[in-house]
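This briefing covers the fold, the surface, one residue and the confidence of a single chain. Please read it alongside the sequence and the coordinates.

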Amino acid sequence: MASEDIESRGAGAKTTVNNYSSSSSYALENSDTRWTSWLIPVFVVANVAMFIVVMYINNCPKHNFGFDGKCVARFLGRFSFQPLRENPLFGPSSSTLEKLGALQWTKVVHKHQGWRLITCIWLHAGVIHLLANMICLVFIGIRLEQQFGFVRIGIIYLLSGLGGSILSSLFIRNNISVGASGALFGLLGAMLSELLTNWTIYTNKAAALLTLLIIVAINLAVGILPHVDNFAHIGGFLTGLLLGFILLPRPQFGWVERQNLPVDVRAKSKYKPYQYVLWLLSLLLLVVG
C-alpha cells in the first residue's frame, strides 16, 4: 500500500509510516534506527541445511523396501524422497525424523528426551513443508527483525517454538511432529500484540488487523498436513502473543520528541498506561504458564 500519514501529535508534529507489508499489513514507524536483518536469513539457511542432512541420512534407495512404492526423484540418489503414499510432502520417512529429533510424546515424557522440544523445530516433513515455512519466515521475520532487532525477534522465535512444542507434546501422543510452524506462529502472535499495544500509530487499523487474522487462519488450515499439528501452532501463537506485549511496545511520540520540547513543558511518560497493564499481565501469564 502507499505510505500514509500518522495522525499529528504534539504541536503540529507529523510522522509518516513506511509501506505496509503485503503479507502482514504491518506498519512501521519512520525512524532513524532500522536494523539490518541477518538472524532470520541464518535461520532459513540452518533449516535448509538441516533438511539436506536429514535427506542424506534418510537414503531412500537403501532403506525403502518397496512396500509403499518406489522412491520419488530417484535421480537424486540417496537424496531421493520417500514414496508419496508414505510421505506426500516429498521428504524423508517418519522413522528418520524420529531418529533425528522429531517430537514424540513417549520419548519426551517417559524417556526424558526433553531436547526433542527444541530439535523438532529445525526438522521438516518434506520439501513442500520446508518451502511453505521458509517463505513465511522470510516475509514475516525479516520485516520484524528490521524494526525490532535480532535479539527480541530471536527470543520470540525460539521461545515460541518451545511453547508450541510443549503444547503439542501435551495433546499429540500417537504421532510425531516436526516443523518451524510454532515459531512462525509466535512471530504472527507477536505481530498481533504489537498491533494492539501500539494501536495509535496505525492509520488503517481494520485492514491491518483483518489481514493478519486471515494469515493466521490460512496457516491454521495447514495443520491438516502430515506431521504438522495445530497444537504447535496455537502454543507458538499464544507464546508469541504474550512475548510481543512484553518485548515490542513502542514509546509514545511525545516521549520520543522530549528533547525538542520547551523547557517548561513536561514530557509524556514513555508508554501509555494500557501498555504497562498489558506488559504486566503478559509477564504474569508467561510465568504461570
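The points below describe a predicted model, grouped by topic.

The chain contains 11 helices and zero strands. Its average pLDDT is 80, and 46% of its 289 residues are buried.

**Fold and contacts**
- In sequence order, the elements run α-α-α-α-α-α-α-α-α-α-α.
- Of the contacts between residues at least 6 apart in sequence, 68% link residues at least 24 apart.

**Surface**
- The chain has an accessible surface of about 14,600 Å².
- Carbon and sulfur atoms account for 66% of that surface.

**Phe171**
- Phe171 lies in helix α6, which spans residues 127-171.
- Phe171 is classed as partly exposed because its relative accessibility is 48%, a value between the 20% and 50% cut-offs.
- Phe171 and Ala232 are 61 residues apart along the chain, and their C-alpha atoms are 9.6 Å apart.

**Confidence**
- A pLDDT of at least 70 is reached by 78% of the residues.
- Helix α1 (residues 39-58) has the highest confidence in the chain, at a mean of 97.
- Helix α10 (residues 253-256) has the lowest, with a mean of 54.
- Over residues 1-32, pLDDT stays under 50.

Key. Residues are numbered from 1 along each chain as its sequence is written. This is a predicted model: local features need pLDDT of at least 70, side-chain atom pairs count only at pLDDT 80 or more; totals for chains, interfaces and linings use all residues. Side-chain values use heavy atoms; hydrogens and water are left out. Helices (H or I, at least four residues) and strands (E, at least two) are DSSP runs, numbered from the N terminus. Buried means under 20% relative accessible area, exposed over 50%, partly exposed in between (1.4 Å probe, protein chains only). Contact means heavy atoms within 4.5 Å. Accessible areas come from the Shrake-Rupley method with a 1.4 Å probe; for residues, only the protein chains shown count as cover. pLDDT is the predictor's confidence in each residue, from 0 to 100.
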